[in-house]
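Some labels given to parts of a model rest on cut-offs. The questions below ask how a few of them are reached.

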Amino acid sequence: MIADYHSTYQFSLTDPKHFWLDAAEAIDWTKKPETAFDPALGVYGRWFSDGALNACANLLDRHVAGGRGEQAALIYDSPVTGVKRTYSYEELLREVARFAAILSDLGVGRGDRVVIYMPMVPEAVIGMLASARLGAIHSVVFGGFAANELAKRIDDARPKVILTASCGIEPTRKVAYKPLLDQAMAMASHAPDAVILLQRPELEAEMTPGRDHDWASLVLAADGRSAPCAEMEATDPLYILYTSGTTGAPKGVVRDTGGYLVALAWTMGAVYGVKPGETFFCASDIGWVVGHSYIVYAPLLIGATTILYEGKPVATPDAGALWRVMEEHKAVALFTAPTAIRAVKKEDSKGDKLAGRDLSHFRALYLAGERADPATIQWAADLLKVPVIDNCWQTETGWPIVANPVGLGALPFKPGSPTVPMPGYDVRVLDDAGHETPVGMLGNIVIRLPLPPGCLPTLWNDEARFRKSYLDGFPGFYQTSDAGFIDEDGYVFFMARTDDIINVAGHRLSTGGMEEAIAAHPDVAECAVVGVADALKGQTPVGFVVLKSGVSRDGAEIGREIVALVRDRIGPVAAFRETLTVARLPKTRSGKILRGTIQKIADGEDWTMPATIEDAAVLDEIGEALKGRGTT
Ligand code: COA
Ligand code: AMP
């Protein structure tokens with residue numbers, strides 16, 4: 001048994017076939033794979049192409065069969081409703097198998113899509129796993145997106161059924177999901193066969209006759225029924241998860257079944273150090289990849305207990321919320337975004353809310369989703385007295401590219417780095433011409449192909465975009481679109497995105513998408529959105545707007561309209577609150593807006609005058625506009 005990081009990593013690169021076939025032993029296959037990787041299949045090859053399995057069987061059935069039936073599988077803890085409920089593996093299996101029968105009655109089967117637009121309630125997880133049980137492909141859409149974004153995802157995924165709830169509950173308001181879904185369906189050209197609506201007592205919704213089914217009534221009528229697990233090929237899609245691209249059109253990241261489960265099973269022990277029977281608290285949202293992998297799939301896959309937390313790190317009711325959940329459910333690890341810790345630190349900088357809590361089970365805090373600033377890591381480590389472990393990955397990869405593998409013996413911590421590449425990820429840094437950069441020099445972070453199991457094989461409906469976005473830039477490599485460097489000890493540092501993606505409170509957003517929304521305002525001639533550094537959210541979007549000539553209306557009023565427009569088109573999650581009116585935007589002579597330079601000026605960073613700038617004076621005007629920065 002190989003037990004240290006360096007030899008494990010080397011093994012994964014020199015003998016990937018044996019490394020991953022060994023890892024595949026952790027999974028129950030209906031047909032065990034003999035081929036680890038087939039380079040002739042798919043765009044860059046496929047993992048476990050001759051294997052067959054069912055994801056839901058691996059998450060639920062096998063644990064019940066193996067004696068974990070009475071163990072807690074999922075603990076729903078909802079401070080926003082006051083409800084707490086524990087589902088044992090046996091109960092969760094019963095609920096999932098019954099809901100699979102309901103979906104099957106509605107015609108859902110292998111390869112059909114099921115869109116899930118729901119808050120953090122157990123029924124959402126039940127919907128995901130019931131889809132997986134039938135071999136249907138789920139696509140969860142985060143609740144903070146507006147109807148327009150939901151419509152784009154409906155049109156791309158073309159679901160047979162949509163699952164939704166009457167409302168979500170934010171600390172200051174109820175979010176009526178159903179009207180948003182109705183609006184989205186009015187905008188979309190695709191119509192599902194059916195909608196299943198979970199009525200929540202906090203805010204009930206109108207049903208559309210002939211289309212909408214009441215969740216509770218269907219469940220009641222299906223009492224005692226269950227649908228069997230469909231045998232799926234390892235390469236069959238398990239889910240599609242849409243993520244922001246550089247334009248307003250989201251990218252449908254496809255996740256396969258076999259490779260994903262193999263990779264996740266490996267990470268639970270080696271990266272997160274969690275054992276079957278222990279409780280893992282991932283305080284993310286099932287609308288994001290972290291939630292898919294570490295709220296739903298990985299903990300249940302290994303027979304651990306997962307916590308589904310419908311609340312925030314602060315305000316539900318206070319900055320002690322995460323510590324309360326950790327104590328109450330005896331969780332061994334917490335996984336969240338750095339923003340959540342910054343929010344707690346802002347409210348409770350001395351950590352008073354931790355006083356008196358018994359966190360003796362707590363072994364490590366994991367952070368991902370955005371750059372973890374060393375000050376936040378240090379604050380959390382001092383307060384919690386457990387290792388704080390940064391890990392970096394993307395929706396596309398589904399599991400960490402770079403992490404500190406505690407299960408293999410944690411490596412020394414270096415501020416600013418999520419540590420070292422995980423097995424199967426041959427991480428390199430290339431200059432723009434595709435040459436490897438010297439140690440310590442900033443460049444494009446890429447991963448030599450093939451990507452390890454679990455990473456995206458393609459984009460839904462769009463192989464050409466997959467190639468263009470990720471593979472064409474540096475032939476033979478996957479382009480992360482992150483800039484960074486590798487130091488002399490092999491530690492990887494992620495510094496910034498190289499494209500128009502920004503990261504606001506751990507949420508990945510497209511500035512291009514926001515610009516498309518702003519451009520729809522009748523008074524706007526052109527605009528640029530950049531992500532400006534923010535002490536709480538990491539980055540916050542700021543819109544620089546040039547008005548059409550002749551517009552004489554009050555700029556502040558136009559600003560407010562633009563803010564409302566972005567909220568309406570993209571959703572509250574964009575957290576777009578600020579526009580600055582400028583006379584011109586800085587551009588290169590070929591007309592490209594110099595967003596990177598604007599951002600550096602806004603952040604007060606050093607910047608150099610771009611050699612290709614059309615008119616250098618425009619940058620002074622941007623600097624002047626920024627002096628008057630304030631929320632419009
Ligand atoms: N459904 C509907 N609306 C949502 C939502 C959801 N699931 N999640 C967020 N929103 C809304 C918020 O209510 C807010 O609306 P508002 O403009 O009316 O106030 C808006 O989207 C922006 O939300 P957010 O950026 O999260 O800011 P916040 O001030 O509400 O909360 C934090 C700040 C730090 C508490 C919060 O961002 C947080 O918990 N971050 C952790 C992020 C995380 O877990 N990311 C997952 C990746 S690992
Ligand atoms: P998402 O697809 O939403 O997970 O966002 C992926 C992007 O978030 C990455 O390409 C990085 O830019 C950023 N990111 C995620 N985790 C980290 C991290 N630990 N450190 C630095 N950047 C991160």
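Partly exposed stands for a relative accessible area between the two limits, with buried under 20% and exposed over 50%. The model is predicted.

Q: Why is arginine 158 called partly exposed?
A: Its relative accessibility is 45%. Buried requires a value under 20% and exposed one over 50%, so arginine 158 at 45% counts as partly exposed.

Q: Why does alanine 575 count as buried?
A: The cut-off for buried is under 20%. Alanine 575 has 6% relative accessibility, and therefore counts as buried.

Q: What makes the phi of arginine 158 worth a note?
A: Most residues other than glycine have a negative phi. Arginine 158 has a positive phi, near 50°. This arginine sits in the loop that runs between α6 (147–157) and β8 (161–165).

Q: What is the phi of alanine 575, and where does the residue lie?
A: For alanine 575 too, a residue other than glycine, phi is positive, near 50°. The loop that holds alanine 575 is between α16 (555–569) and β31 (578–581).

Q: How do you know that the bond between threonine 316 and proline 317 is cis?
A: Omega of this peptide bond is about 0°, and the bond is cis. Most peptide bonds are trans. Proline 317 is placed in the loop between β17 (305–309) and α11 (321–328).

Q: Which bond joins leucine 449 and proline 450?
A: A cis peptide bond, with omega about 0°. Proline 450 belongs to the loop between β24 (443–448) and α14 (463–471).

Q: What makes the lining of the largest cavity seven nonpolar, three polar and one charged?
A: Arg counts as charged, and Gly is put with the polar residues. The lining includes Arg153, Thr243, Ser244 and Gly287, along with Val140, Phe142 and Trp288 among others. By class this gives seven nonpolar, three polar and one charged residues. Strand β14 (residues 237–243) contributes the most, with three residues, and the space in this cavity is about 60 Å³.

Q: How many charged residues line the second largest cavity?
A: The lining has no charged residues, but six nonpolar and three polar ones. Asn54, Gly135 and Thr257 are among the lining residues, as are Met232 and Pro237. The volume is about 50 Å³.

Q: Which residues does the record call "AMP-dependent synthetase/ligase"?
A: In the unreviewed UniProt entry, this domain annotation covers residues 64–449. That stretch is 31% helix and 24% strand, with 38 Å between its end C-alpha atoms.

Note on methods
Residues are numbered from 1 along each chain as its sequence is written. Chains are lettered from A and ligands numbered from 1 in the order in which they are written. This is a predicted model: local features need pLDDT of at least 70, side-chain atom pairs count only at pLDDT 80 or more; totals for chains, interfaces and linings use all residues. Side-chain values use heavy atoms; hydrogens and water are left out. On a 1 Å grid over the protein atoms alone, a cavity is a set of points where a 1.4 Å probe fits but cannot get out, and a pocket is an open set with protein on both sides within 12 Å along at least five of seven lines; lining residues have an atom within 4 Å of a point. Grid points are joined across faces, edges and corners, and a volume is the space filled by probe spheres set on the points. Helices (H or I, at least four residues) and strands (E, at least two) are DSSP runs, numbered from the N terminus. UniProt positions are given in the numbering used here, feature names are shortened, and annotations may be inferred rather than shown by experiment. Buried means under 20% relative accessible area, exposed over 50%, partly exposed in between (1.4 Å probe, protein chains only).
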